[in-house]
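Thanks, everyone. Let's look at this one together, starting with the annotated sites and then a pocket.

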Amino acid sequence: MCGIVGYVGKKRATNFLIDGLSKLEYRGYDSAGVAVENDGKVTVVKHKGRLSNLSDDLDKNVLEGTVGIGHTRWATHGEPSDINSHPHKSSKGNITVVHNGIIENYLELRKWLKEQGYEFKSQTDTEVVPNLIHYYYEGDLFKAVVKATERLEGSYALGVICGDDPDKVVAVRKDSPLIVGLGEGETFIASDIPAVISYTRNVYLLDDNEFVLVTRDGAEVLNSDGSKIDKEVYKVTWSADAAEKGGYDSFMMKEIHEQPKAIRDTLTGKISNNGVSFEGFNLTKEDLDGVDRVYIVACGTAYHAGLMGKVAIEKFAKIPVEVDIASEFRYREPLVTNKTLLITVSQSGETADTLAVLRDCKKIGAKTLAITNVVGSTISREADNVIYTMAGPEIAVASTKAYTTQVVVMNLIGMYFGQLMGSLTNESAKELEEALTLLPEKIEEVLAKKEELEEVAKILAKEQDVFFLGRGVDYALALEGSLKLKEITYIHSEAYAGGELKHGPIALIEEGTKVIALLTQTKLREKMVSNIVEVKARGAETIGVAYEGDEIDESVFNKIVRIPKVLNMVAPVVAAVSLQLLAYYTAKEKNFDIDKPRNLAKSVTVE
Ligand code: F6R
């Protein structure tokens, strides 16, 4: 999704603007631009394509000025092009805007603004915003921005500058993330903390409908009537290194290697002699007894972690759970009441559909629990209860450490609910505790053998279609393995439950089709092997992922990837690392940009 930055300070604004945008590249983008104000004149430079197109231009054509805004655009309305790139300027006057989000009533506003004599150059929804602000501008930029936003429907984080009201940036957010960085003699705005972390650790996390007046002396957070909001300064605790590659060739590889630590950090403080507990958690046995249904709702990889959550809660707490995709859940008529427990899973804590589900369910009075990785994210602030995955910043578009820590948390929630309901035996609790605690070292073992997956990747890189099969939690893992592969290698891939194969998908199997079979569920292993025999008989080339030491008829497989033996319930965490490495090496073999796969954005803040 789009990235926004803004600067008011004493140094050349483009230095921060380009650096800040580079830290937001992970969000995904197809063009980039800046606007800089200098002596009342605003200059806009923008280019389709990579940020380097913009920075190369600015190296040659230096823009002086200490006030500016910048943007990386992930196209929604209008193709990626120089014209559609942000910043957008009003056709009259000097108002210049960067925007993340979607203005839903832009057609109506565009028509009305044209009647008022404004002209439009781009196909974007955003271009109505500077024109609307100009329409209301009477010498006070803040007031004009407030008036304009009263007419906007949809989602927006905006950064606005004006040559006639210099030395400030006015910003506002509604349903799109925005933070303010508070430096010494310089103040920043950005879509996310990594953009400002090398400059300051003191930030304001803006809430919806909060406006901010950014100057060299700091930032005033204001209500729409101009009254001041006493905003708490949030101190960022992680270091700038966390947002750097640290010697790896990509953030994805770095993040794959960070999983042992991420899991250790996620477990810290949550397991003790008294079992599982979560800080600040207010869900009691009475609450659970009174719950009419439990929904887990999320998108993409987080949804796959949610599928694991269903198995864990049903197994340990004997409470039925439904799992749904947020964009589907919000538009059907789910049976949510004030007795429902909604669990949302979101790495970023900003995903538009997941956030919308949380808000809809809260309106009905449902109890809400969020699992998220980002402290201060909108979802973490709005849910009644929050459990943080302690994965640290995840920059690569393809989620790795966030997923495995989410699966760990799902198991912990299952255990916790099982404790409350009295349905978790001491023996199971102990067994699971041990298995979770051992995960970091088991993952190290997978990482130590990563070259083996590099070899398998050489085979996959030549394919156009790959199938993943699994049963039980291995099916949920198959979905994740398949998503990872298609995201970064652009190989078409499907995941099926082993038992479903005969009900249609087996028609796709032909000579040489690659099938990856997950065999970590001991009780289901023989059934999976039968499924593999069936595809092999139809010409498939099969790759198995199985425990070390498990006796398996090797003749059924062209290749077996062995993973360390762990408790079945946590096996997806260990096996996921192999599948992540497989996707990574396949993308590398194909020479693709692993951290920034085409068409994808990290934080999907529009629906
Ligand atoms: C895939 C991936 C996405 C996200 C999805 C939800 O690797 O990262 O599928 O899982 O966009 O994002 P969050 O977890 O931030 O809500």
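I'll take the active site, then the second largest pocket.

First, the ground rules. This is a predicted model: local features need pLDDT of at least 70, side-chain atom pairs count only at pLDDT 80 or more, and totals for chains, interfaces and linings use all residues. Residues are numbered from 1 along each chain as its sequence is written, and side-chain values use heavy atoms, with hydrogens and water left out.

Which residues does UniProt list as "active site"? The unreviewed entry gives Cys2 and Lys602. UniProt positions follow the numbering used here, feature names are shortened, and annotations may be inferred rather than shown by experiment.

Are they buried or exposed? Cysteine 2 is buried, at 8% relative accessibility. Lysine 602 is buried too, at 12%. Buried means under 20% relative accessible area, exposed over 50%, partly exposed in between, with a 1.4 Å probe and protein chains only.

Now the neighbours. Contact means heavy atoms within 4.5 Å. Leaving aside residues up to four places away in sequence, cysteine 2 touches Arg27, His71 and Trp74, among others. On the same terms, the contacts of lysine 602 include Met1, Arg27 and Glu394.

Last, the pocket. A pocket is an open set of points on a 1 Å grid over the protein atoms alone, where a 1.4 Å probe fits, with protein on both sides within 12 Å along at least five of seven lines; lining residues have an atom within 4 Å of a point. The second largest pocket has 29 lining residues, and Lys602 is among those nearest its centre.
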